[in-house]
Amino acid sequence: MAQNILLLYQSYYGHTKQYAQWLGEALDADLYSVRQMDAAQLPRYDVVIFGGGLYAGGIAGVSFLTRHFEQLAGKRLAVFTCGLADPSKEENLETIQRTVDRHFSEAQQKAIRFFHLRGGIDYKRLNPVHRAMMAMLKKFLQKKDPSSLREEDRQLLATYGGKVDFLERTAIHPILNFAREGH
């Protein structure tokens, strides 16, 4: 029996959207940005996957999911985040988990499978707020003792002002496996 799969996303700079498009194609899912989605349509789906970019300690668009969480009861739910920091590093994963904890109750977290993907940055496309935040981060890192910088910090300083892309199509495989479970 075929499952009805919904792929929802919120993306400011395109990285989360790209992952959502790859997932949508691979799963033959209905693909919508949260701005396009009518919550009245949620009951028709068996599987709901939401993707949101990580920005300043938040997950873009996640309020749509939390506002309509009761309508998602009994569905297979997944959330993927997409951010600049490498989620394979324990300290980054801890930071992402704190963000998840701020957005979702413990009960909601038990109902959701979470995935964390790495995106990228193009400084020329940043809005003024995000540009200012990155400039503050750069200044903060420049003031630190260079020997105390993590590899990611050094990479950020080396690529500041340019474009960095960590998108990997293969990173969606665990999400594909989740969506196909129970088939």
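Because the model is predicted, local features are described only where pLDDT is at least 70 and side-chain atom pairs only at pLDDT 80 or more, while totals for chains, interfaces and linings use all residues. Residues are numbered from 1 along each chain as its sequence is written, and side-chain values use heavy atoms, with hydrogens and water left out.

Salt bridges make a friendly starting point. With a salt bridge taken as a side-chain nitrogen of Lys or Arg within 4 Å of a carboxyl oxygen of Asp or Glu, the count comes to 11. One of them joins Glu 91 to Arg 150, with the closest N and O atoms 2.5 Å apart. This pair links distant parts of the chain, 59 residues apart: Glu 91 belongs to helix 3 (residues 90–103), whereas Arg 150 sits in the loop between helix 5 (128–143) and helix 6 (151–159). Here helices (H or I, at least four residues) and strands (E, at least two) are DSSP runs, numbered from the N terminus. Both partners are partly exposed, Glu 91 with a relative accessible area of 40% and Arg 150 with 31%; on this scale, buried means under 20%, exposed over 50% and partly exposed in between (1.4 Å probe, protein chains only).

Arg 118 and Glu 152 form another salt bridge, at 3.7 Å from N to O. Arg 118 lies in strand 6 (residues 112–118) and Glu 152 in helix 6, so the bridge ties together parts that are 34 residues apart in sequence. Arg 118 is buried at 16% relative accessibility, and Glu 152 is buried at 14%. Asp 153, buried at 7%, meets Arg 150 in a salt bridge of 2.9 Å, N to O. Through shared partners, salt bridges join Asp 86, Glu 91, Arg 118, Arg 150, Glu 152 and Asp 153 into one network.

Helix 7 (residues 173–180) comes next. Its buried residues are Ile 175, Leu 176, Phe 178 and Ala 179. Viewed down the axis of helix 7, these residues fall within an arc of 160°, so they line one face of the helix; the arc is that of the directions from the helix axis to the C-beta atoms. The buried residues of helix 7 pack against helix 1 (15–27), strand 3 (47–55), strand 5 (76–83) and strand 6, where contact means heavy atoms within 4.5 Å.

Val 164 is buried, at 13% relative accessibility. Leaving out residues up to four places away in sequence, Val 164 touches His 15, Gly 120, Ile 121 and Thr 159. Val 164 and Leu 84 are 80 residues apart in sequence, yet their C-alpha atoms are 8.9 Å apart in space.
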